[in-house]
Amino acid sequence: MEMQTTLEEPVSTAVARPRRGRKFIQVFLDRKAILVGSLILLVMVVLAVFAPYIAPYSPYQQDLDHTLAPPSWQHLLGTDLFGRDELSRIIFGTRASLMVGVVSVAIAGGVGIALGLMAGYLGGIIDSLIMRIMDALMAIPPIILALSIGSALGGGLKDVMISLGIALIPIYARLMRGQVLSVREADYVIAGELSGSSNLRNMLVHVLPNCVSPLIVLITLNLGVAILAEAALSFLGLGMAPPGAAWGSMINDGYPYMRTNPLLSFAPGVAVMLVVVAFNLVGDALRDALDPKLRGSV
Amino acid sequence: MSHLLEVKNLKVQFKLDGRTVKAVDGVSFHVDAGEIVAIVGESGSGKSVTQYSILQLIPAPPGEIVEGEVLFEGTDLLKLDPRSQELRDVRGGKIGIIFQEPMTSLNPVMTVGRQLEESLILHLKLSRSQARERAIELLRRVGIPDAEHRVNYYPHQFSGGMRQRIMIAMAMSCEPKILIADEATTALDVTTQAQLLELLRDIVRSTNTALVLVTHNLGVVARFADRIYVMYAGGIVESGTCKDIFANPRHPYTVGLLRAIPRLDDPKDRKLVPIDGLPPDLSQKPTTCAFMPRCVYRTARCAQEPAPPLTPVGPGHEAACYVLPSAEEFSAAANAATAASETSAALAAPVQQKQTGETILEVRNLKMYFPVTKGLLKRKVSDIKAVDDVSFDIRRGETIGLVGESGCGKTTVARAILRMYDPTDGQIVFRGQDIAKLPKKDLRPLRRHMALVFQDSYSSLDPRLTAANIVGEPLKVNRLVASRAEYDRRIDELFELVGLRPELKHRYPHEFSGGQRQRLGIARALASNPDFIVCDEAISALDVSIQAQIINLLEELQAKLGLTYLFIAHDLSVVRHISDRVVVMYLGRVVEIADWKSLYENPKHPYTQALLAAVPIPDPFVEEQRERIIIQGDIPSVMNKPPGCSFSNRCPLATKECTEQVPPLTHVGDGHSVACIKVS
């Protein structure tokens with residue numbers, strides 16, 4: 001039947017439309033900010049993986065004749081209290097710091113988002129149960145919570161990552177639940193239910209993708225928080241054991257010499273900042289690239 | 001003679017995302033003292049932007065008034081600085097505006113009296129006590145009972161209709177020369193809408209104020225307007241007196257609009273003639289006639305020459321068209337279109353006559369109560385009886401219309417039937433099985449036999465999925481296709497079925513227009529081959545010309561696939577057009593059930609009568625002769641229904657016994673049931 005109501009296309013379809021994947025990558029690459037962000041992250045990852053080949057010195061090698069040396073051609077960023085090369089320590093520190101940031105946020109985000117999704121979508125007793133536990137966790141300052149969990153687990157770097165992850169869960173669960181509550185009332189979620197979808201399918205297909213935008217922002221911000229928290233914990237004796245290098249503990253170790261050798265704190269601080277900025281840029285881009293509405297206008 | 005307000009060649013554009021949208025493109029019109037002028041157009045036609053530009057109320061940037069003059073009492077308002085005292089005196093002083101949303105136009109933390117006084121003190125320099133007196137007088141004038149006390153109420157203590165009355169009072173407070181009503185009654189129920197329009201007319205007539213009615217509803221205009229301007233894509237395409245426009249429309253768009261809407265006095269089998277296609281994208285507006293691509297009468301000249309100017313076609317009647325088809329040509333074209341669609345429908349559907357078969361759905365004593373809880377422990381204090389003892393049945397292949405004003409429970413009934421809620425009590429027998437108490441798990445396999453088409457086509461489509469994934473979801477979930485190839489084929493089939501090109505299937509919802517999105521919604525509903533579809537206000541958010549397309553589509557699909565519809569709407573003309581039987585609800589109860597003919601031609605329940613009387617008919621000649629008895633008062637909240645018959649407090653027939661018992665739904669013959677003790 002010749003449909004009398006077939007519509008004319010408002011936009012020309014002469015140009016073949018790129019498929020979803022291509023378009024995603026295109027948006028991602030079209031922005032200079034993203035390029036900068038990804039470049040920084042790439043460099044960081046390379047530094048972390050190939051640290052022994054890149055770093056000029058071993059991070060543990062002490063040179064007690066040249067302690068607290070100012071920057072020179074031998075030591076580009078100077079040396080610390082034990083005469084260890086600051087630059088090499090930063091390069092090696094990338095390993096621990098990136099790992100602490102990524103792993104703890106992955107734990108917090110993964111568990112928190114899943115809990116928030118269940119609480120918000122299923123509601124009722126499950127909601128109350130999950131959220132009361134989250135409230136209880138939230139009542140304890142995260143660093144103290146991480147400290148107690150970390151020391152209960154043993155206190156190594158692995159334990160710090162887990163404990164930080166757990167301490168950050170409630171933030172994600174709360175934010176996610178709030179998002180879910182507003183999204184789950186949307187007609188398209190109801191439409192999913194009406195077409196016979198299971199709860200799990202509805203949660204994953206309709207609710208989760210429409211909730212992620214603010215969570216991506218939170219994740220990118222929390223990476224920096226986690227890296228710095230590791231410093232606080234290492235100050236209290238958890239995490240990276242002394243000769244090991246991590247940015248957070250390096251910032252801490254540099255404090256007493258802020259007046260004379262500011263670079264000792266400043267340089268690892270810049271490294272943390274770079275990572276956070278890079279993750280932020282990439283996170284923003286990721287958020288936009290995942291949103292079909294923004295993809296067109298980028 | 002100079003006019004009270006004269007707009008000359010107004011051009012307004014918006015710069016968005018590097019594109020220039022010519023929202024208003026050379027609009028000229030005038031308003032004389034004391035007359036009621038209507039500006040009619042669909043969404044995006046520039047009708048509201050024109051009005052806001054007059055007072056320089058458009059946000060700038062991105063908006064920009066490019067050129068034009070707005071002469072009001074001899075001064076060009078566009079020459080005034082937007083922040084100048086002179087312009088402020090005009091805004092809200094000499095020219096009053098009533099907006100569409102009475103909810104957001106009133107300040108929720110100030111009493112209405114205070115808000116009225118503010119503008120009185122500001123514009124008329126009255127003292128506080130004088131202003132108070134005048135505020136009370138104004139409220140009384142717009143029909144707020146007990147104005148002395150109500151003046152101290154806050155906006156939330158009034159109903160939507162009352163709030164819009166207050167807005168009228170506010171707009172009238174400074175005795176403006178012109179009152180602009182921008183879709184002022186669109187968001188309200190028909191009975192309230194009728195009350196307010198009558199009120200507006202009486203007020204402007206008695207004060208010799210000019211009224212500019214901005215609306216998309218031709219029906220509203222027919223009864224009230226003296227002159228009409230029809231706008232399309234940023235320009236005026238036809239202007240003339242109300243009677244000229246309706247009796248002798250000359251522009252193809254005006255004719256198209258008139259043909260696209262169902263009317264209460266239509267012959268039942270009239271096929272709506274939709275205007276094909278979509279309005280143009282105003283950022284790429286062609287220099288030729290903007291309506292040309294959708295026009296049936298276009299000639300070679302239309303495609304070559306620049307957009308036609310408004311030319312006189314009669315005394316005080318102008319149209320912007322080169323062709324200017326005559327009335328005969330219009331009816332010939334319409335007949336041809338009807339004939340064509342009829343033959344195609346006949347070819348597609350061997351079952352020409354609707355045959356209604358066995359009962360597919362039976363609703364028995366359905367009750368849906370929502371608990372009202374109080375305090376920390378969520379103690380239940382009472383129930384909101386959203387649906388109270390509703391019974392009706394639906395036979396296979398028919399369309400049941402469910403009508404009633406907002407808050408009457410019609411959507412709740414639909415949602416309870418679809419088991420989006422767990423009904424408090426009663427039975428819902430679907431395909432021979434009572435599903436009212438069925439656990440969700442056992443319900444899932446039944447889901448594929450029923451579907452819902454939503455009102456808001458935008459929010460009902462997941463913004464993160466492509467059109468194909470949205471339409472295909474029921475197929476995947478219910479495992480209705482065996483292979484990827486079959487899935488793709490079925491998606492293409494569904495797209496074609498609803499009149500969308502399958503090539504569009506990789507697009508996302510925001511890349512479709514409103515009408516197209518509603519088609520997607522229908523395609524999704526059809527995906528699992530359901531036999532029963534609930535259309536919950538499925539067309540009310542669409543523009544008139546698109547509405548007709550969707551109504552026709554629904555009818556075609558029904559003929560082709562033998563679907564059963566539960567069609568929920570507040571527009572009684574549309575329901576009349578599409579329904580076989582109609583259920584009327586008021587405050588959670590069914591007040592009348594009948595086949596469409598008995599219901600519309602011989603309504604028995606006083607509420608049905610009142611509803612029908614309130615529906616405007618887009619024909620000034622019919623409206624002139626029509627006696628309208630408009631019921632007074634507002635719909636009470638479901639929380640405090642009057643005792644006995646819920647309609648008793650507004651009913652002209654009500655006596656004491658009406659408040660003593662709830663009238664049962666009684667059969668009065670011929671499938672016609674009424675719940676009223678005064679009717680037998």
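Mentor: Happy to! Let's begin with how helices cross: a crossing is left-handed if the near helix is turned anticlockwise from the far one by less than a right angle, and right-handed if clockwise. Helices (H or I, at least four residues) and strands (E, at least two) are DSSP runs, numbered from the N terminus. This is a predicted model, in which local features need pLDDT of at least 70 and side-chain atom pairs count only at pLDDT 80 or more, while totals for chains, interfaces and linings use all residues. Residues are numbered from 1 along each chain as its sequence is written, with chains lettered from A and ligands numbered from 1 in the order in which they are written.

Trainee: Which way does α10(A) pass α11(A), in a left-handed or a right-handed crossing?

Mentor: α10(A) passes α11(A) in a left-handed crossing. On the α10(A) side the contact is made by A:W247, A:M250, A:I251 and A:G254, and on the α11(A) side the residues include A:L264, A:P268 and A:V272. Two residues are in contact if their C-beta atoms, placed from the backbone, lie within 7 Å.

Trainee: At what angle do helix α10 and helix α11 of chain A pack?

Mentor: Axes are lines fitted to C-alpha atoms, for helices over the stretch in contact, and angles run from 0 to 180 degrees between N-to-C directions. Helix α10 (residues 247-254) and helix α11 (residues 263-290) of chain A pack at about 155 degrees, their axes 7 Å apart. That makes α10(A) roughly antiparallel to α11(A); the cut-offs are under 35 degrees for roughly parallel, over 145 for roughly antiparallel, 65 to 115 for roughly perpendicular, and oblique for the rest.

Trainee: And how do α4(A) and α9(A) pack?

Mentor: Their angle is about 145 degrees and their axes are 8 Å apart. The crossing of α4(A) and α9(A) is right-handed. Among the contact residues are A:S97, A:G101 and A:Y121 of α4(A), and A:N199, A:L215 and A:E230 of α9(A).

Trainee: How many helices and strands does chain A have?

Mentor: The secondary structure of chain A comes to twelve helices and zero strands.

Trainee: Is A:I216 buried or exposed?

Mentor: A residue is buried if 20 or more other C-beta atoms lie within 10 Å of its own, exposed if 12 or fewer, and partly exposed in between, with C-beta atoms placed from the backbone. A:I216 has 20 C-beta neighbours inside 10 Å, so A:I216 counts as buried. A:I216 sits in helix α9 (residues 199-235) of chain A. Leaving aside neighbours within four places in sequence, A:I216 is in contact with A:G283, A:L286 and A:R287.

Trainee: How many residues of α5(A) are buried?

Mentor: α5(A) is hardly covered, with one buried residue among its 16. By contrast, helix α1 (residues 47-54) of chain B is mostly covered, as seven of its eight residues are buried. After α1(B) comes B:Q56, with a positive phi near 50 degrees.

Trainee: Where is B:E73?

Mentor: B:E73 is in the loop between β4 (63-72) and β5 (75-76) of chain B. Phi of B:E73 is near 50 degrees, a positive value in a residue other than glycine. B:E73 has 12 C-beta neighbours inside 10 Å, so B:E73 counts as exposed.

Trainee: Where is B:N365?

Mentor: B:N365 lies in strand β13 (residues 359-374) of chain B. Phi of B:N365 is near 45 degrees, again a positive value in a residue other than glycine.
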